[in-house]
Amino acid sequence: MYGHVEIRTLFFASYKELLGTGELQVDLPEGATVSDLVSALRSRGGAFTALPTEPAVAVNLTYTDPTSLLSDGDEVALIPPVAGG
Amino acid sequence: MTFTAIVREPIDPAHVLTLIGADQDGASLLFLGVVRDHNDGRSVGGVRYDTYEEMAAEVLSEIVGEAARSAGTDRIAAVHRIGELEVGEVSVAIAVSSPHRAEAYDASRYIIEEIKKRLPVWKKERYSDGAEEWVEGRPPTAPNTVPAPPAGAPQADAPQADGP
């Protein structure tokens, strides 16, 4: 029996424009990491392949390591290089 | 009490100054980030700031909390504006008051530098030739790699004893 996790994935600024969407629900096997999510996105092909292999990521509003495990219902944002101020 | 906000309406610097100040404070400092008319040799007509608003609110609050602990003052207000801004408009306002000027300068500088490092905000410039481009920005610094608050600043959860 393998479970799965459903991840609410958010895109902003240049990533949002690149993909033409700001949000996707992504289903991953239980035990998936942030890095697995990025790989799954990039493997969709098309514009998704232009995403960086190791973008900055926030899980539930906090910057997180690529090796972090994801849980069902997590909100994961791919964060382009920032330019506030 | 510190104050932080991500706002869409114009920032009124005079109002931000009313959020700080106390009888024990001999220094009140206001920093404004303003949209300038050029960048990298191109003429800029205006900018649009986008944000991940919920996260930006948290990160700004964390940054100001770090500055407050390091500088030993909780009289700090930081506001970042989002949306369409014209040249000359204020994008960020940081106000700090403290008993002496050094702590206010340290806290203000720390806050603007950390905003630039890790606040989830993005800027698209509109050029006078009609083109638009996202400003390149920098990869955000993750929390575990965030540098310590300014060296030499007093470490204080409690108010500082009043020294020279």
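Modeller: Two strands are taken to pair if DSSP finds at least two bridges between them. The model to which this is applied here is a predicted one.

Colleague: In S7(B), which residue does Ile76(B) stand opposite?
Modeller: Strand S5 (residues 76–81) and strand S7 (residues 90–98) of chain B are joined by five bridges in the antiparallel sense. This pairing is part of an open sheet of four strands, ordered S1-S5-S7-S2 in chain B, with mixed pairing. Within S7(B), the residue that faces Ile76(B) is Val96(B).

Colleague: Which are the edge strands of that sheet in chain B?
Modeller: In chain B the order S1-S5-S7-S2 describes an open sheet. A strand at the edge pairs on one side only, and this holds for strand S1 (3–7) and strand S2 (27–34) of chain B.

Colleague: What share of the contacts in chain B with a separation of 6 or more falls to residues 24 or more positions apart?
Modeller: Chain B holds three helices and nine strands, which follow one another as β-α-β-β-β-α-β-β-β-α-β-β. Of its 164 residues, 35% are buried. Among contacts in chain B with a separation of 6 or more, those between residues 24 or more positions apart account for 75%.

Colleague: What is the radius of gyration of chain A?
Modeller: Chain A has two helices and five strands, arranged from the N terminus as β-α-β-α-β-β-β. For 85 residues the globule rule gives 12 Å, and the value for chain A is close to this, so the chain is as compact as a globular protein of that length, with a radius of gyration of 12 Å.

Colleague: Why is one side of strand S2 and of strand S4 of chain A left without a neighbour, and what does the twist average from one strand to the next?
Modeller: The five strands of the open sheet in chain A stand in the order S2-S1-S5-S3-S4, with mixed pairing. Strand S2 (23–29) and strand S4 (62–64) of chain A are at the edges with a single partner strand each, so each has one side without a neighbour in the sheet. From one strand to the next, the twist in this sheet averages 35°.

Colleague: Which residue in S4(A) is the bridge partner of Ala58(A)?
Modeller: Strand S3 (residues 56–59) of chain A pairs with S4(A) over three bridges, in the antiparallel sense. The loop between S3 and S4 of chain A holds Leu61(A), which has a positive phi near 80° although it is a residue other than glycine. On the S4(A) side, the bridge partner of Ala58(A) is Tyr63(A).

Colleague: Is Ala13(A) buried or exposed?
Modeller: Ala13(A) belongs to helix H1 of chain A, and its phi, near 50°, is positive in a residue other than glycine. A residue is called buried if 20 or more other C-beta atoms lie within 10 Å of its own. Around Ala13(A) there are 27 such atoms within 10 Å, so this residue is buried.

Colleague: How far apart in space are Leu51(A) and Phe12(A), C-alpha to C-alpha?
Modeller: Leu51(A) lies in the loop between H2 and S3 of chain A and is partly exposed, with 18 other C-beta atoms within 10 Å. Leaving aside neighbours within four places in sequence, Leu51(A) is in contact with Tyr15(A), Val38(A), Leu41(A), Arg42(A) and Leu78(A). In sequence, Leu51(A) and Phe12(A) are 39 residues apart, while in space their C-alpha separation is 12 Å.

Technical notes
Residues are numbered from 1 along each chain as its sequence is written. Chains are lettered from A and ligands numbered from 1 in the order in which they are written. This is a predicted model: local features need pLDDT of at least 70, side-chain atom pairs count only at pLDDT 80 or more; totals for chains, interfaces and linings use all residues. Axes are lines fitted to C-alpha atoms, for helices over the stretch in contact, and angles run from 0 to 180 degrees between N-to-C directions. The radius of gyration is taken over C-alpha atoms; the globule rule is 2.2 Å times the number of residues to the power 0.38. A residue is buried if 20 or more other C-beta atoms lie within 10 Å of its own, exposed if 12 or fewer, and partly exposed in between; C-beta atoms are placed from the backbone. Two residues are in contact if their C-beta atoms, placed from the backbone, lie within 7 Å.
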